[in-house]
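Student: I am new to this structure. Please walk me through the terms and the values behind them.

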Amino acid sequence: MRGISLELQPGKFYVLRGENGAGKSTLLRMIAGLNEPTEGNILIFGIENKQALEHLGYMAHAPLLYDELSGLENLRFFAELYGSFPDQALIQAMERVGLDPQLDRRIGQYSQGMRQRLSLARAIFHSPRLLLLDEPFSNVDPESALAIAKLLASMRDEGKTIILVTHQVGLLSSLADEYILLSRGQLADRGKMTAQQART
Amino acid sequence: MSLSITRLTVVNVRKDLRLEWRSRDVFNSMLFFALLVVVVFSYAFDTGDSRPVMGGLIWIAFLFSTNMALNQSWARELRNGVLDAYRVSPAPAESLFLGKVLGNYLLVLLLECVMAPLFVVFYNLKSGGPLWQLAVVFLLGTWALVVNGTFFAAMSIRTKNRELMLPILLLPISLPAVYSMVEATSIVLNGDSSPWPYVKFLAGFCVIYTTACFLLFEIVLNAE
């Protein structure tokens, strides 16, 4: 990444776009504190990003879940890392992404789409103010993708800030507020998301 | 909401033991390796009076078995990128480290308990000194191996040749501890002199390395 300087507004929905290797996932990882920038700093709601981790929900390409645990067991473990949440909040997160919380199967036996949805539940169960989502629609069927898009819309309406990387921009034409275009690790363009933008 | 290191350490130990109970991949590979060492060496040595070499042999079996376990326990955290989920949470890195150390420690102690009768049977082993002294040596020796091993396994986990890297990093650092374990074990088994100078050295080694690894772990966890 080179020369990136961005100020994003709370409560808005941003789509990160760019060709493969443009640096979209790297930028998300940097915001999440997983990669260190060689220069400069990243503030989340005015706080150094590593001090603001409790406000952050991150979903990556990989599911970031233990194969040997069930969906609810996975969420219970991660909930403890955030200071423990009642089961009700975890069940609600699973239901919001369209998963059955009673499903006792280990997630190693889940389909790719189910793992993807559980990964989203892991990112949202603690109701973070900032959501960083890397390709949340990959591996899910069109119906589920639409359901996820609706969920994200409701989260934006709740005042959450969302930064999302996707190649399926069409799904977000009416949801996203702005797009940010990256090219070769640099900021190439930024603007309002329009239906025409979503088609390009 | 407070995130105490102690509580999160317990959470991590519980999770690690649950994962191990369900997969058994760490314990099975440790057990298999230790069994191989016991059987192969029982043919290689005259087992008439094996006490002079037993200290070394016992710790060779546990040292290399532990090596295998440590790599696998971190590999589990890399599968599906779970370590990243930990890193983006507000949980302190130290609780992950202590949880891993304690989880691995319990597994290696369990292995030692399972293997002890086999050493007795295969090598016709009798202790000349009191068994409780042997227990102290094993508790400290195992901690020394596991605490260093867990730290260096975390350091080598993202490298290409991690199976090779761990022993290269771990063995030279652990050499003074291994020497003390072997000497103390041999002394107790032979029942000749006092193992306490070695036990004291081991205790000091454990305190120093546990502190250093605990303090440095966050840097290792976040190193790219």
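This is a predicted model: local features need pLDDT of at least 70, side-chain atom pairs count only at pLDDT 80 or more; totals for chains, interfaces and linings use all residues.

Student: What makes α7 of chain B a helix, and where is the kink in α7?

Tutor: Helices are DSSP runs (H or I, at least four residues), and strands are too (E, at least two), numbered from the N terminus. Helix α7 of chain B covers residues 162-190. The kink lies at B:Leu175, shortly before the proline B:Pro176. The bend there is about 60°, taken as the angle between axes fitted to the seven residues ending at a residue and the seven starting there.

Student: Why are α2(A) and α1(B) called roughly antiparallel?

Tutor: Helix α2 (residues 71-81) of chain A and helix α1 (residues 5-23) of chain B pack at about 160°. Their axes are 10 Å apart. Such axes are lines fitted to C-alpha atoms, for helices over the stretch in contact, and angles run from 0 to 180 degrees between N-to-C directions. Over 145 degrees counts as roughly antiparallel, so α2(A) and α1(B) are roughly antiparallel to each other.

Student: Which residues make that contact?

Tutor: A:Phe77, A:Glu80 and A:Leu81 of α2(A) meet B:Leu8, B:Val11 and B:Lys15 of α1(B). Contact requires C-beta atoms, placed from the backbone, within 7 Å. The residues of this contact divide into four nonpolar, no polar and two charged. Ala, Val, Leu, Ile, Met, Phe, Trp, Tyr, Cys and Pro count as nonpolar, Asp, Glu, Lys and Arg as charged, and the others, Gly among them, as polar.

Student: How do you know how α2(B) runs relative to α3(B)?

Tutor: The axes of α2 (residues 25-44) and α3 (residues 51-78) of chain B come within 9 Å and cross at roughly 155°. That makes α2(B) roughly antiparallel to α3(B). The contact of α2(B) with α3(B) has 14 nonpolar, four polar and one charged residues.

Student: How many residues does each chain give to the contact?

Tutor: Chain A gives 25 residues and chain B gives 22 residues. On the side of chain A that touches chain B, the largest share, four residues, comes from α2(A).

Key: Residues are numbered from 1 along each chain as its sequence is written. Chains are lettered from A and ligands numbered from 1 in the order in which they are written. Angles under 35 degrees count as roughly parallel, over 145 as roughly antiparallel, 65 to 115 as roughly perpendicular and the rest as oblique. Two residues are in contact if their C-beta atoms, placed from the backbone, lie within 7 Å.
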